[in-house]
Amino acid sequence: MEIASAAILPQLIVNGLIAGAMYSLTAAGFSLVYATNRFLNLAHGGIMMVGAYLVYTFFNLAGLNFYAASFLAVICTSLFGGFLFVSVYRPLRQKKAANMVMLIAAAGLAILLEALVTLIFGTDVKQLNFISVQEGWHIAGAIITPLQLVVMAVSAVLLVSFAVFMKYSSWGKLIRAVADNADLARTTGINPYAVQLWSFVIACAIASVAGILIGLERNIEPRMGLGFALVSFASTVVGGMGSLPGAILGSYLIGLAENVGQWILPSGYKEAIWLVMLFLFLLIRPSGIFGTEQGVRQTKL
Amino acid sequence: MRKLKFLGAMAAGLALFGAGCSFTPPGEKSVTEGSYVPKTADTSPIKIGWVGPLTGDAASVGKDALTAAQLAVEEVNAAGGINGRMLELVAEDGKCNPKDAATAGNKLINVDKVPAIVGTACSGEMMAIAPTAEQNKTIMVGYCASAPTVSAAGDYIFRTYPSDVLQSKFVAEYVYNTLGKKKVATLAVLGDWGTGLKNGFEQRFKELGGEVVSSQDYVQESRDLRTQLTKAKDSQPEILFFVGYTEASIAGLKQAKELGLNVSIIGGDAWDDTKIHANSFAEGIMYSVGAAPQYDLAWVEKLKQKGATTNVCVPRSYDNVKLLAEIMKRTGTDTAKIKDELYKVQGYQGIGGIVNMDSNGDNTSAQFQIKVVKNGKAEAAK
């Protein structure tokens with residue numbers, strides 16, 4: 001077993017934070033959909049991937065300004081997400097489809113999105129080439145690029161604003177009410193359908209922002225969605241099912257574990273680290289860090 | 001609570017399922033080329049299989065290789081086919097991974113009942129199909145699979161692409177003797193090809209007296225090699241030997257630059273892909289490639305008209321179709337006879353170079369060269 005020198009520890013932590021920030025961008029939306037709609041949207045990664053391809057279309061193919069292209073991509077992805085919700089998920093829910101059915105529908109949608117994008121754009125990797133690649137900034141013994149700082153900042157803003165929004169805003173209260181008990185919420189005059197639709201659309205908007213940032217950092221491929229959907233899922237388990245700040249914290253834990261873990265373990269075990277972590281959480285603390293052990297939520301599952 | 005646990009466990013199973021395989025689209029599943037309507041029964045087309053990555057990792061390499069194979073089929077058919085019988089290419093997507101390649105191979109062998117498969121590109125694909133092919137006496141002629149393990153894969157398993165035993169030695173000697181670098185860090189994709197090339201390189205490099213200061217791996221789907229590169233940088237190498245397919249390599253080379261890993265980088269033959277060369281951060285990288293010093297320009301032009309470029313796997317995908325066609329003109333579709341003829345191949349001049357088969361079904365006439373990326377284009381290193 002080779003143990004690398006302690007001098008690289010700051011860089012490993014930064015690597016973990018960068019990975020965690022990227023995971024959190026998809027995990028946040030994934031968790032938001034789960035909180036309000038109570039199903040695991042495995043197609044969330046696919047929607048992120050669609051967002052990335054849209055910005056590629058607008059920026060690289062249509063030649064628009066990057067920021068205009070990004071804005072357009074976010075709008076289009078949100079609309080597309082709304083369309084998917086209304087045309088696929090909503091009709092299934094109206095037929096009282098079980099969670100398993102929703103999960104299978106989501107998995108099917110993930111495959112469909114990937115196949116469609118492959119058909120249109122081909123399988124090869126696409127590069128946005130917006131930021132020229134150069135050595136990053138040296139900060140506290142580690143190297144980080146400006147783009148990675150932006151990714152981390154966006155993730156931090158999401159974390160804080162989610163926590164505040166869910167706790168204090170009236171919309172947050174609506175979302176929590178629907179998340180706790182959609183039927184009960186309906187009796188008090190809340191329209192759960194609207195809340196579910198809007199949280200799905202917001203989740204898609206966040207997913208497209210994630211797609212753009214991930215596209216800039218790691219390039220764009222049809223397969224990019226699946227891996228992120230799985231890590232998002234693991235993050236929500238670790239952080240607590242249905243807890244938005246929990247999903248974001250879970251993302252950082254996974255990112256840190258898989259990178260700092262390589263300080264001791266051989267690098268080939270990187271993916272194994274987060275899968276083992278997922279199992280440990282399921283065995284020891286299945287409700288995650290922020291998940292509720294007691295109360296209404298458990299009966300709603 | 002119980003339900004929560006159940007849901008969690010179910011989803012964890014799903015996560016594992018997803019981690020092991022991937023939801024890859026079935027696009028471009030079956031491409032048939034040169035389909036020909038026979039007038040009489042004895043001029044029915046002869047099907048031959050083709051396997052390579054059409055989606056997923058290394059797809060850019062695979063698609064061009066398929067175009068080249070289709071070009072070869074067209075040429076064979078235009079020249080009268082196999083004694084009047086047309087060739088028909090049945091292409092399957094091996095996705096550069098063993099699981100999907102096994103499915104593709106099974107379909108070609110059991111459903112299409114092809115006598116021979118031109119393939120594969122990736123060594124993992126080759127090793128997944130080889131047992132079934134051997135059992136059913138189906139010929140396989142690899143055009144890019146280079147892992148040392150392929151040599152012993154079976155009697156019916158051939159390849160015209162040289163084994164990595166030769167390539168890894170060649171690169172190690174180039175790094176140690178020609179470049180004069182004595183301390184190397186290695187980073188390779190896990191799998192038959194990456195691990196094989198890395199191990200062979202390290203072994204030869206140590207024999208020569210060099211030091212391997214860091215040895216890192218990554219899984220094929222990973223696009224985040226920052227921690228591997230951080231460890232490599234920490235070991236203060238004079239050069240990095242980086243074995244990866246196109247997608248991860250683009251991400252890894254970018255991350256190496258961002259992390260300030262300012263040493264020479266040398267890679268394996270999969271880097272013979274223009275998709276990599278065009279990037280600013282790929283400037284100055286070197287790689288080895290097992291190929292003729294100069295491809296036939298008229299052939300390159302024909303390929304260009306079909307929208308394909310010449311990457312590492314392209315010439316031999318073309319050559320293998322031509323070679324099989326030539327042999328089948330003498331033997332028909334009897335695979336035992338084709339096998340015997342293949343072992344006798346000596347001095348066959350293909351686009352990718354000369355083919356001399358040995359008793360393992362390996363091409364011993366390995367011509368390797370080092371290419372270096374300058375101004376976004378690969379050229380022969382001096």
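Visitor: What makes up domain 1 and domain 2 of chain B?

Guide: Domain 1 comprises 25-162 + 295-365 and domain 2 comprises 165-292 + 369-380, bounds that come from an automatic or database domain assignment. Residues are numbered from 1 along each chain as its sequence is written, and chains are lettered from A in the order in which they are written. Because the model is predicted, local features need pLDDT of at least 70, whereas totals for chains, interfaces and linings use all residues.

Visitor: How many residues of the two domains are in contact?

Guide: In chain B, 22 residues of domain 1 are in contact with 22 residues of domain 2, contact being counted if the C-beta atoms of two residues, placed from the backbone, lie within 7 Å. Helix H2 (59-78) and helix H4 (123-135) of chain B each supply at least two residues of the side of domain 1 that touches domain 2, and H4(B) gives the most, with three residues; helices are DSSP runs of H or I with at least four residues, and strands are runs of E with at least two.

Visitor: Why is B:Ser163 called buried?

Guide: A residue is buried if 20 or more other C-beta atoms, placed from the backbone, lie within 10 Å of its own, exposed if 12 or fewer, and partly exposed in between. B:Ser163 has 26 C-beta neighbours inside 10 Å and therefore counts as buried.

Visitor: Where is B:Ser163 placed, and which residues does B:Ser163 touch?

Guide: B:Ser163 is in the loop between strand E6 (157-159) and helix H5 (164-178) of chain B. Not counting residues up to four places away in sequence, B:Ser163 touches B:Ser146, B:Pro148, B:Val150, B:Ser151 and B:Asp362.

How values were computed:
Predicted model: local features only at pLDDT ≥ 70, side-chain atom pairs only at ≥ 80, totals over all residues.
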